[in-house]
Amino acid sequence: MTNAYSVLVVDDEPSIGKLLKKEMSSPARTVQTAETAHQAREMLRRSLYEVVILDLRLPDADGLDLLVEFRQYQPDVEVIIITGHGNIDSAVEAMKLGAYDYITKPFNLEELELIVERAYQRVCLRFENRQLKHAQVRDEPQQIVGNSAAIKQIRFLIDKVAPTDVPVLITGESGAGKEVAAHLIQSLSKRADKPFFIKNCATLQKELARSELFGHLRGSFTGAVENSEGFMAFANKGTLFLDEIGELPIEVQAALLRVLENKTYRRVGDKDERTTDIRLIFATNRNLAKEVEAGHFHEALYHRINVFNIELPPLRERKEDIPLLVDYFLGRVQGGGAYRVSDRAMSCLINYHWPGNIRELRNVIERGVILAEGCVITENALPRELSVKAEGENDFLSLEAVEREHIAKVLACFGNNRTLAAGALGISRKTLYRKIREYGTM
């Protein structure tokens, strides 16, 4: 993947194209050339460009007509008109049609390069505005909390796959942390400083799903009053996270498969293919293998997105992580850092089956802070289904849970002085350190 932006020079004088390509190419900027309008049209249909330097007079087209065409192909592109036959009328007309600037030959190369850079900055500003509207923005770094064996394996898999461009399928129950895992993959990837877009496929209307993902041309369907880009263009050079991929209409799945296989797609109503440089992450709480058997999911797409699968365990299968998760959420609730959870309330949290997984736990902690007695979250601050024992349930904790709670209490009593705590517990410091690692007790 390259971070360079793309410039297309359209001029029928080969010497101009060669000069600009030689002098303006850099690690931050790639320059391609076309000598005819036909060649330029083909290149803009297939690839995305940020800036076009366009000669006003070409042997097979008028530059002002091409300017309008180019803005239809790629609405975000900035076009700089160059000409050896300039006049005020053509300059005014070019600016009215949306040209970024109008330069007469012979031009100063350094001045042209500065104008190209300014045009690119305008493209970036427009793109950033769109990103603020569509992209998922996180003010704080994402992390997967826990010390269980399952979570350590999840971290290992993420560390391995993040730097690659391999598609990732994240599976797990609702609320298990799939979006957090996707954020972590993106933040550790080579595209961490590039756009990160999230789209929940369950929110896509069947009739408009293809348009939202791939874009459309004006007049391609009722209501398409102008050309529009889709997420494949918005997320170009970045990452697109498609949540609930099992909900994507099967009619659109074949088009997504094409993106995965050769990085190409077509806008609705467009005959020409376009390319995109994009990293795709998927998530689902469905069993896609069974969906394939039932004919509800494209088999080839399933095999293509299942190259690297990360399965997140439900919270009920890693209850040893609950105390750490509680501390994590308390630290992020406004004023929550001053609160603690009583032993009885913690016992309720550990013994609960958590059908809503981590999302439910976070909500319970936020509620607990509001209803806390002083700065202590007691069982009275918990929802009824947590604080009231189910019929037949007893008060017994496992030996492991008792030991973990006792170590935590002793550490707190001695201000986290592990030497004094080990003496009070009647164990060596080495044994205490081992148990702290095992339980995640601080």
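This is a predicted model: local features need pLDDT of at least 70, side-chain atom pairs count only at pLDDT 80 or more; totals for chains, interfaces and linings use all residues.

Trainee: Does Met-24 count as buried or exposed?

Mentor: A residue is called buried when its relative accessible area is under 20%, and the value for Met-24 is 1%. Its neighbours beyond four places in sequence can be listed too, for Met-24 touches Arg-29, Val-31, Ile-53, Leu-109, Leu-112, Glu-113 and Val-116. With a relative accessibility of 1%, Met-24 therefore counts as buried.

Trainee: How far apart in space are Met-24 and Gly-295, C-alpha to C-alpha?

Mentor: Along the sequence, Met-24 and Gly-295 are 271 residues apart. In space, taken from C-alpha to C-alpha, the separation of Met-24 and Gly-295 is 52 Å.

Trainee: Within what arc do the buried residues of H2 fall, seen down the axis of the helix?

Mentor: In helix H2, which covers residues 37-46, the buried residues are Ala-37, Ala-40, Arg-41, Met-43 and Leu-44. These buried residues line one face of H2, because, seen down its axis, they fall within an arc of 165°.

Trainee: Against which helix do the buried residues of H2 pack?

Mentor: The partners of these buried residues include several strands, among them E1 (5-10), E2 (29-34) and E3 (51-55). Strands E4 (57-58) and E5 (61-62) are also packed against by the buried residues of H2, and the helix among the partners is H3.

Trainee: Why do the buried residues of H4 line one face of the helix?

Mentor: In general, an α-helix has 3.6 residues a turn, so residues three or four places apart point the same way. In helix H4, residues 88-96, the buried residues are Ser-90, Ala-91 and Ala-94. Seen down the axis of H4, they line one face because they fall within an arc of 100°.

Trainee: Which exposed residues does H4 carry on the face turned away from its buried side?

Mentor: The buried residues of H4 pack against helix H3 (63-73), strand E6 (78-83) and strand E7 (101-104). On the face of H4 turned away from that buried side, the exposed residues are Ile-88, Asp-89 and Lys-96.

Trainee: What is the omega of the peptide bond from Lys-105 to Pro-106?

Mentor: Most residues other than glycine have a negative phi, and most peptide bonds are trans. Pro-106 has its place in the loop between E7 and helix H5 (109-134). The bond from Lys-105 to Pro-106 is cis, and its omega is near -5°.

Trainee: What is the phi of Trp-354?

Mentor: Trp-354 is found in the loop between H14 and H15, and it is buried, with a relative accessible area of 0%. Although Trp-354 is not a glycine, its phi is positive, at about 50°.

Trainee: And what is the phi of Lys-237?

Mentor: Lys-237 has its place in the loop between helix H9 (231-234) and strand E10 (239-243), and at 16% relative accessibility it counts as buried. Lys-237 is not a glycine either, and yet its phi is positive, at about 75°.

Trainee: How many charged residues are in the contact of H13 with H15?

Mentor: From H13 come Leu-325, Val-326, Phe-329 and Leu-330, which meet Ile-358, Leu-361, Arg-362, Ile-365 and Val-369 in H15. Sorted by class, this contact of H13 with H15 has eight nonpolar residues and no polar ones, and the number of charged residues is one.

Trainee: What is the handedness of the crossing of H17 and H19?

Mentor: Helix H17 (residues 399-413) and helix H19 (residues 429-439) pack at an angle of about 115°, with their axes 11 Å apart. The handedness of the crossing of H17 and H19 is left-handed.

Methods:
Residues are numbered from 1 along each chain as its sequence is written. Side-chain values use heavy atoms; hydrogens and water are left out. Buried means under 20% relative accessible area, exposed over 50%, partly exposed in between (1.4 Å probe, protein chains only). Helices (H or I, at least four residues) and strands (E, at least two) are DSSP runs, numbered from the N terminus. The arc is that of the directions from the helix axis to the C-beta atoms. Contact means heavy atoms within 4.5 Å. Ala, Val, Leu, Ile, Met, Phe, Trp, Tyr, Cys and Pro count as nonpolar, Asp, Glu, Lys and Arg as charged, and the others, Gly among them, as polar. Axes are lines fitted to C-alpha atoms, for helices over the stretch in contact, and angles run from 0 to 180 degrees between N-to-C directions. A crossing is left-handed if the near helix is turned anticlockwise from the far one by less than a right angle, and right-handed if clockwise.
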